[in-house]
Amino acid sequence: KYLVETCKVPPEHILVVTFTKAAAASMRERFCGLMGGERPPVTFGTFHAVFFQILKHAYGYTASAVAREEQKRQAALETAGRMGLDIPDQAEFLKGVLGEISYVKNEGIRPEEYVSRACPGGSFPQFFREYGRRMRAQGLLDFDDMLVYCRELLMARKDILAAWQRRYRYILVDEFQDVNAMQYETVKL
């Protein structure tokens, strides 16, 4: 409200980012209440929704490209099978390896630098790459890919970066202290 009314910032240049859909909706409603019911075109969204929007504009992604949990588990099982990994407890393995993949992506860690508890004998880097290839071959991306791909896109395409920088001149991040490395780097861009 301060930016719009006092600083005269065009509302379409303001982006408010948070972690959950519920928080984004709550902030939008509180803002509209402060504005007397008016709905200025300030963008409110989660990190994933905002980053997916950027990818959608650049690559034409649709919601069907976002992998469901079952699709991620299937890709992980197929990867393990192709690599000949011995998996005594399938459920434990899937939970562990998918969690580790998510952690590596979100923190911007190179797979070769990560010591996996889920993948036996130093096979995590190969597993990570093969799992990614399998997902891409199916035209799928997971929530963590949205962060990684968006950052990569903005770093590689200065024209696209400049367009989004012109669009969102002011970025407000709810609970900023909780952002991970990829979220921080992408918002910083």
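Two strands are taken to pair if DSSP finds at least two bridges between them. Helices (H or I, at least four residues) and strands (E, at least two) are DSSP runs, numbered from the N terminus. The model is predicted: local features need pLDDT of at least 70, side-chain atom pairs count only at pLDDT 80 or more, and totals for chains, interfaces and linings use all residues. Residues are numbered from 1 along each chain as its sequence is written, and side-chain values use heavy atoms, with hydrogens and water left out.

Three strands form an open sheet in the order β2-β1-β3, with parallel pairing. β2 (43-46) and β3 (170-173) are the edge strands; each has a single partner strand, so one side of each lacks a neighbour in the sheet. On average, neighbouring strands of this sheet are turned by 20 degrees against each other, direction ignored. Axes are lines fitted to C-alpha atoms, for helices over the stretch in contact, and angles run from 0 to 180 degrees between N-to-C directions.

Strand β1 (residues 14-18) pairs with β2 in the parallel sense over four bridges. Here Val-16 stands opposite Phe-44 in β2. Helix α3 (residues 47-59) packs on the sheet and touches β1, β2 and β3, contact meaning heavy atoms within 4.5 Å. The direction of α3 makes about 105 degrees with that of β2.

A disulfide is a pair of cysteine sulfur atoms within 2.5 Å. The count by this rule is zero. The sulfur of Cys-32 lies 19 Å from the closest cysteine sulfur, in Cys-7, which is too far for a bond. Cys-32 is buried, at 6% relative accessible area. Cys-150 is also buried, at 0%. Buried means under 20% relative accessible area, exposed over 50%, and partly exposed in between (1.4 Å probe, protein chains only).
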